[in-house]
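Try each task yourself before reading its solution.

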2 protein chains.
Amino acid sequence: MNAEPRRRRSGGRANAREPAPIPQLAASHVRNPYPPMRVLSDDQVEAIHDASMHILENLGIEMMSAAALDVFARSGAKVDRAAKTVYIDRGLVAEALGTTQPSYTLRPRNPARAVPLGGDAICFTLVAGPPNVHDMERGRRAGNHRDYCDLIRLAQHFNCITMLGNQVCAPIELAANTRHLDTYLANLTLTDKSFHVSAIGQGRALDGIEMMAIARGLTLDQMRGDPALSTIISVNSPRRFDDQMAEGLMTVAEHGQSVAVTPFTLMGAMSPVTLAGALAQQNAEALAGIVLTQLVRPGTPVMYGAFTSNVDMRSGAPAFGTPENAKANIASGQLARRYNLPYRTTPGSASNAADAQGAYETMMALWGAVLGHGNLLYHAAGWQEGGLTASFEKVVLDVEMIQHMMELLRPIEVNEAELALDALARVPTGGHFFGDAHTLERYSTAFYQPIISNWQNYESWQESGGADATARATQVWKKALAEYQQPPMDESVREALGAYVAKRKEEIGAGEP
Amino acid sequence: MNAEPRRRRSGGRANAREPAPIPQLAASHVRNPYPPMRVLSDDQVEAIHDASMHILENLGIEMMSAAALDVFARSGAKVDRAAKTVYIDRGLVAEALGTTQPSYTLRPRNPARAVPLGGDAICFTLVAGPPNVHDMERGRRAGNHRDYCDLIRLAQHFNCITMLGNQVCAPIELAANTRHLDTYLANLTLTDKSFHVSAIGQGRALDGIEMMAIARGLTLDQMRGDPALSTIISVNSPRRFDDQMAEGLMTVAEHGQSVAVTPFTLMGAMSPVTLAGALAQQNAEALAGIVLTQLVRPGTPVMYGAFTSNVDMRSGAPAFGTPENAKANIASGQLARRYNLPYRTTPGSASNAADAQGAYETMMALWGAVLGHGNLLYHAAGWQEGGLTASFEKVVLDVEMIQHMMELLRPIEVNEAELALDALARVPTGGHFFGDAHTLERYSTAFYQPIISNWQNYESWQESGGADATARATQVWKKALAEYQQPPMDESVREALGAYVAKRKEEIGAGEP
């Protein structure tokens with residue numbers, strides 16, 4: 001320890017010329033050992049449930065897809081074809097919930113990267129869907145394939161990122177109707193982690209499933225009973241599922257992959273200005289989608305998705321990481337557990353920069369998501385500008401915050417060795433423990449070693465450049481890209497994937513998306 | 001709302017020329033409605049308690065003050081005069097705990113600023129004790145009286161800061177042995193809030209108590225039964241109380257003011273490298289001081305103080321806002337509640353800047369402190385560089401984070417009006433709630449309005465200068481100082497305080513500190 005700070009500072013490696021790799025926590029399943037936090041009483045949960053049943057039974061849900069309406073009609077639900085609206089009674093909800101799974105596992109091409117969903121497990125995904133990219137050196141720019149690949153390389157490099165979300169940025173220089181093939185190919189060759197399969201239409205969904213099946217060497221039938229992918233079904237709140245989303249949902253469900261149904265209920269905009277009202281609406285919309293998954297294929301692995309936050313009532317702009325958002329993240333966990341479903345939630349921020357606001361907003365939402373026992377923390381790394389930009393620095397800061405939470409979730413051990421009464425007897429009053437045997441045996445692994453936090457004294461920090469956390473994050477993502485190693489893939493699999501993409505591009509070019 | 005963004009943006013004031021004041025939450029007692037978080041099982045709490053009893057009974061506590069040793073000797077405790085060590089058995093601990101109070105209230109000169117301590121109450125203090133001051137415009141400098149006064153003006157201005165800590169910075173240009181009089185005078189005239197009374201020796205403690213008594217128009221006897229002030233007794237961990245601290249503690253206890261006994265147990269340095277060991281030591285040291293308060297004067301209002309964090313094992317530098325620190329903040333609350341005592345804890349950060357690290361570290365420790373049901377969150381605003389600098393920008397960022405927590409603690413209401421089923425029936429599928437009556441009735445108060453968070457879109461933010469959160473904090477503290485209003489004080493009280501300070505400066509100058 002302080003007896004040999006120089007060696008430790010270089011990471012304790014024998015060869016002083018070789019720079020130490022970025023310290024990071026080992027790849028391991030994160031489990032939350034603490035009971036879930038509750039911000040609603042049982043009675044309040046029931047009142048929200050009842051209100052959502054009222055919405056489903058009496059106000060109905062618009063399903064723009066005729067195929068989805070057919071599925072509901074066959075189940076006996078009341079369908080108004082002219083209004084494209086289905087009324088779902090609580091009996092049908094209960095019946096559908098009877099075939100869901102409380103937990104399940106996604107298995108990508110590398111079985112060591114399996115993603116457990118449900119129970120006490122917590123998984124973290126890369127940000128999904130931003131049109132823009134930003135880093136402190138190159139500034140803000142439109143999404144593109146090069147940045148796409150670099151961002152997913154970061155997701156591969158950092159162990160705590162369990163899964164890729166939907167396109168981390170849109171590679172806009174590629175043809176819009178086939179870029180999903182390019183990004184799936186990048187996901188499968190540059191990483192070996194699970195990813196989000198797009199549900200914007202049947203074609204995109206099926207391509208992702210087929211390509212993952214090729215990468216795993218499985219048939220579609222085998223994949224059906226052994227899911228590898230998840231989609232997120234976004235609801236056009238209030239109370240509307242568009243036709244592409246509904247049909248994507250049905251395709252993914254038919255193929256046995258995971259579905260998270262996530263209403264985007266911004267209080268005051270797409271939902272009531274009150275948290276109770278927004279949660280009731282969220283619950284009704286999530287359950288409508290969940291019912292549909294089970295009607296299409298009973299047993300479809302499905303998550304309760306929630307994304308309730310508020311808008312800035314002065315401008316209508318969306319806000320994330322607010323106190324209301326944190327409370328919604330906790331409360332929604334209570335609802336998910338009422339239905340015994342895995343829970344997808346989001347730690348977001350509205351900040352335009354990877355600054356102190358970005359950090360405190362993310363921490364608000366992240367603590368809420370973790371204490372609420374979120375299982376899938378979607379958009380957990382890189383989310384900036386309320387999701388409009390994927391930030392390289394924010395990826396790194398988010399990895400740091402996620403790792404802080406992982407360490408928080410490591411239970412305290414209390415036993416004779418940990419209570420250290422011998423060491424306490426050895427060290428005199430007013431003395432110090434630096435050199436005690438109890439310390440020396442444990443110091444190298446006793447504490448979490450951060451990747452961004454700088455604990456130098458002010459003078460040393462100034463001498464070494466005085467870079468703030470955001471500037472240090474720039475150095476870390478560059479180092480992570482330098483350290484990145486592409487996971488191995490059998491050449492025949494690589495060729496089969498390439499052939500699939502080429503064939504599909506031809507078909508889509510010929511008008512068969 | 002978005003129907004009238006311009007008026008709302010200026011704060012809704014009639015006179016558009018008058019700038020809107022900084023929005024802030026009303027001055028009100030903060031209560032935590034949620035059950036405390038637990039990271040230790042009941043058995044683990046008992047194991048830590050037992051280990052701390054072993055420390056008190058067998059290893060002993062060094063009391064450098066002969067007067068303190070006398071008090072312990074009179075109580076029947078085993079005292080080793082040569083080693084200045086007292087051995088406190090569990091019977092004496094239990095007896096002393098029998099005269100403590102589970103909660104009490106500090107009443108400063110303005111009764112509206114009363115500080116409830118204990119139970120579900122949470123209070124937040126300004127940072128205490130840094131030698132340096134920093135702001136983004138003037139840089140880092142040694143503590144001085146002008147900055148001292150500006151920082152306590154900020155504490156007066158922001159409602160969420162309930163109390164001043166010990167000297168927010170040392171005014172080093174003033175004589176060392178009388179500057180406590182200058183700072184008490186500033187506390188009492190520039191603010192009407194409670195403050196920390198120094199326990200570094202009898203003289204400083206008594207001066208603070210006398211001056212507060214003058215300000216309240218009470219005698220010392222009246223103050224004894226109606227406390228206004230608190231001190232913090234820092235333990236020279238491991239297991240040592242220096243003579244000045246012990247004698248300050250006794251003076252404050254004799255005068256019936258509040259005492260928080262706070263071991264500073266940095267794991268790996270002043271305490272074992274393991275959390276269980278550090279907590280056992282912390283518990284023993286805190287209880288030793290708590291016993292002393294009750295031996296001096298049974299019923300002395302006393303808090304269980306905790307400040308356990310870790311060092312950087314590469315350099316020995318202290319770290320705050322770490323995962324270990326957050327867990328210690330939660331676990332220490334479990335220990336405080338075991339003894340039915342109010343709980344003092346700390347949300348700190350080691351960052352050298354008011355940057356993203358400052359924010360995420362503070363959030364880690366703050367969530368831990370709040371979920372652990374801390375009653376007094378000491379150093380809650382302005383703490384930078386691990387307490388070596390009072391930062392103007394950090395004061396503002398911390399106020400923002402504290403207000404986020406205050407809103408998080410506002411319970412969710414679930415009733416017919418809040419569930420908003422009428423509004424949900426009125427707004428069509430895919431529509432929006434902006435213009436609905438349910439929204440319009442509530443929009444102006446529905447959500448927390450932040451003081452720092454910027455929710456503009458990227459383009460508007462860039463057009464308005466693209467300032468990050470830290471730069472915006474500079475503007476806020478300058479505005480807060482401009483908005484600051486000195487609380488009224490009767491002229492005769494002001495004169496009496498001035499006379500007291502003059503008299504004491506003469507006495508101390510003549511060698512009677």
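Buried residues (under 20% relative accessible area with a 1.4 Å probe, protein chains only; exposed is over 50%, partly exposed in between) make up 63% of the 513 residues in chain A. This is a predicted model, in which local features need pLDDT of at least 70 and side-chain atom pairs count only at pLDDT 80 or more, while totals for chains, interfaces and linings use all residues. Residues are numbered from 1 along each chain as its sequence is written, chains are lettered from A and ligands numbered from 1 in the order in which they are written, and side-chain values use heavy atoms, with hydrogens and water left out.

**Exercise 1. Compare the radius of gyration of chain A with the globule rule.**

Step 1: The radius is taken over C-alpha atoms, and the rule is 2.2 Å times the number of residues to the power 0.38.
Step 2: For 513 residues this puts a compact globule near 24 Å, and chain A agrees with its 24 Å.
Step 3: For the spans, follow the principal axes: the C-alpha trace of chain A covers about 80 × 55 × 45 Å.

**Exercise 2. Find the faces and the partner of strand β5 in chain A.**

Step 1: Helices (H or I, at least four residues) and strands (E, at least two) are DSSP runs, numbered from the N terminus.
Step 2: In a regular strand, side chains alternate between the two faces of the sheet.
Step 3: In β5(A), residues 103-106, Tyr104(A) and Leu106(A) form the covered face, whereas Ser103(A) and Thr105(A) form the uncovered one.
Step 4: Two strands pair if DSSP finds at least two bridges between them. Here four bridges link β5(A) with β6(A), residues 115-118, in antiparallel fashion.
Step 5: Opposite Ser103(A) you will find Gly118(A) of β6(A).

**Exercise 3. Trace the open four-stranded sheet of chain A and name its edges.**

Step 1: The order is β3-β4-β2-β13, and the pairing is mixed.
Step 2: β3 (78-80) and β13 (240-241) of chain A each have a single partner strand, so one side of each lacks a neighbour in the sheet.
Step 3: Two bridges connect β2(A), residues 61-63, to β13(A) in the parallel sense, and Met63(A) has Phe241(A) as its bridge partner.
Step 4: Now turn to chain B, where an open sheet of four strands has the order β3-β4-β2-β13, and Met63(B) stands opposite Phe241(B).

**Exercise 4. Locate the cis peptide bond between Ser237 and Pro238 in chains A and B.**

Step 1: In chain A the bond joins Ser237(A) to Pro238(A), with omega about 0°. Pro238(A) sits in the loop between β12 (230-235) and β13 of chain A.
Step 2: In chain B the bond joins Ser237(B) to Pro238(B), with omega about 5°. Pro238(B) belongs to the loop between β12 (230-235) and β13 of chain B.

**Exercise 5. Is Ile290(A) buried or exposed, and what does Ile290(A) touch?**

Step 1: Ile290(A) lies in helix α10 (residues 275-296) of chain A.
Step 2: Its relative accessible area is 1%, so Ile290(A) is buried.
Step 3: Contact means heavy atoms within 4.5 Å. Not counting residues up to four places away in sequence, Ile290(A) touches several residues, among them Leu97(A), Val261(A), Tyr304(A) and Leu341(A).

**Exercise 6. Describe the backbone and burial of His373(A).**

Step 1: His373(A) is not a glycine, yet its phi is positive, near 60°.
Step 2: His373(A) is in the loop between α12 (356-371) and β19 (376-381) of chain A.
Step 3: With a relative accessible area of 8%, His373(A) is buried.
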